[in-house]
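Reader: Before I rely on any of the labels attached to this chain, I would like to see how each was reached. Please take me through them.

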Amino acid sequence: MTSPQRAPGGFPVVGVIGGGQLARMCAGPAAELSITLSVLSEAPDAAAAQVVPHSPVGDHTDVDDVLDFARHCDVVTFDHEHVPPAVLEALVSSGVALHPTPEALRFAQDKLAMRERLTTIGVACPRWARARTAAEVEDFAEQVGWPVVAKTPRGGYDGKGVRVIGSAAEVADWLDQVGAPGALHDGVLLEEKVDFVRELAVLIARSPSNQAAAWPVVETVQTDGICTEVLAPAPGLDPDLAAVATEAGLRIAEELGVTGVFAVEMFEVRDPGSGAAAYVVNELAMRPHNSGHWSMDGAVTGQFEQHLRAVLDLPLGAPTPRAPWTVMANVLGGDYPDLYPAYRHIMARDPALKVHLYGKAVRPGRKIGHVTVSGTDLDDLRERARHAADYLAGVITE
Ligand SMILES: Nc1ncnc2c1ncn2[C@@H]1O[C@H](COP(=O)(O)OP(=O)(O)O)[C@@H](O)[C@H]1O
Ligand SMILES: [Mg+2]
């Protein structure tokens, strides 16, 4: 494998395992910071490989591929959470600086491990259980009531691996895989179906020397399990809840030793007794996250720049918003593969809009980009972001 080209002046090389859009969006900030990026890519035309000159193709589950890649990097980080623990351990044993570390990453890779750990350190979670048999599913449902949310502990994303079930029979196919190698080896995660007011996300960055910075708490809107819109900051959020949710994120990051950008997905709930606003944690992500895309345009330091700073143990940048509101809308693929004419149209219609496309082929429902728009009138911003995303998806033609 060839070496990545370092910038003159002693600047480091950051390796990213995985060539998806998150790796791709590190490229702009890396160029600005004079940091060389190197991406271990799934394919020569992966989203990041299109824009990062040093993007060797390799298999993130193959120890030799990953070790060979990491040799040329000062620090290695991730585009996704799917690198197997054995590969992570091999990297650490050979002296590679990994951020986040395998010990921390475990809790983002495995939702059962995450629930156990959060429960141990006293973080509010939905009521949950591990089920290996239909009888265990029935027992849990008896405690919390049907329907129950069932999740595969590993490998899920965008709602794949999440089912709302009304009977144990609806996860019979998953229970059959318990004990066999794979995502369901240790059982199915069951959770009460939380009657949430809305979904929130806390996004922070933490560096190896324990500097941390938090962006404002945002509201995330999901449609069919996929995040479609983010409002930054979360409108009308109780300031006390914003403070305790942020504190919880910072505490989890420290307890779990997370380094880099870290997202905590939460549900906003009402305390059944007092009616006060509260949170329960849904899940953790240890990498830049969809809920933070707004920050690229809407904050002094965007999450991709911050992630690079954090994994290199550089001083962190200010997470301060640049405007009272920023709205982000994801662009999901529609029926029209040719995005360029639509993109021209939305730019002309709204010069303040920022368009980010990931170089991915259009497939219906696939995340292919996002737009952001910042300003003072939240309803107007939402309308404009929605319009642009829908127009790009071909859902509307005007
Ligand atoms: N316990 C729950 N109660 C109610 N809704 C849930 C629960 N768990 C997940 N969801 C819904 O499903 C979505 C996806 O679940 P999540 O665990 O975040 O999976 P993924 O890894 O696919 O993001 C959440 O954003 C939320 O809308
Ligand atoms: Mg999620």
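Author: The model is predicted. One place to begin is Lys193, which touches Pro147, Val148, Val149 and Val164, leaving aside residues up to four places away in sequence.

Reader: What makes these residues count as touching Lys193?

Author: Two residues are in contact if their C-beta atoms, placed from the backbone, lie within 7 Å. Pro147, Val148, Val149 and Val164 are listed for Lys193 on that basis.

Reader: Why is Lys193 called partly exposed?

Author: Lys193 has 14 other C-beta atoms within 10 Å. A residue is buried at 20 or more and exposed at 12 or fewer. The value of 14 falls in between, so Lys193 is partly exposed. Lys193 is found in the loop between E7 and strand E8 (198-206).

Reader: Why is Glu191 called buried?

Author: Glu191 has 21 other C-beta atoms within 10 Å. Buried requires 20 or more, so Glu191 qualifies. Glu191 is found in strand E7 (residues 188-192), and touches Pro126, Trp128, Val149 and Lys151, residues up to four places away in sequence not being counted.

Reader: How do you know which residues carry the feature "binding site"?

Author: That comes from the UniProt record, an unreviewed entry, which places the feature at Lys111, Lys151, Glu191, Glu192, Lys193, Val194, Glu199, Asn282 and Glu283. Such annotations may be inferred rather than shown by experiment.

Reader: What makes the bond between Trp146 and Pro147 stand out?

Author: The peptide bond joining Trp146 and Pro147 is cis, with omega about -10°. Pro147 is placed in the loop between helix H6 (134-144) and strand E5 (148-151). A cis peptide bond also joins His99 and Pro100, where omega is about 0°. Pro100 sits in the loop between helix H3 (85-93) and helix H4 (102-109).

Reader: Why does Phe262 count as buried?

Author: Phe262 has 30 C-beta neighbours inside 10 Å. With the limit at 20 or more, Phe262 is therefore buried. Phe262 is found in strand E12 (residues 260-270). Phe262 touches Ile204, Ala205, Arg206, Ala253 and Met286, not counting residues up to four places away in sequence.

Reader: What makes up the contact of H2 with H3, by class?

Author: Helix H2 (residues 63-70) and H3 pack at an angle of about 35°, with axes 10 Å apart, and their crossing is right-handed. H2 contributes Val63, Val66, Leu67 and Ala70, and H3 contributes Val87, Ala90 and Leu91. Val, Leu and Ala count as nonpolar. By class the contact therefore has seven nonpolar, no polar and no charged residues.

Reader: Which element gives the most to the side of domain 1 that touches domain 3?

Author: The protein is divided into domain 1 (13-98), domain 2 (127-192) and domain 3 (198-393). The contact takes 17 residues from domain 1 and 15 residues from domain 3. H1 gives the most to the domain 1 side, with eight residues. The residues of that side divide into eleven nonpolar, three polar and three charged.

Terms used. Residues numbered from 1 in each chain as written. Chains lettered and ligands numbered in written order. Predicted model: local features only at pLDDT ≥ 70, side-chain atom pairs only at ≥ 80, totals over all residues. Helix = DSSP H or I, 4+ residues; strand = E, 2+ residues; numbered from the N terminus. Domains from an automatic or database assignment. Axes fitted to C-alpha atoms, helices over the stretch in contact; angles between N-to-C directions. Left-handed = near helix turned anticlockwise from the far one by under 90°.
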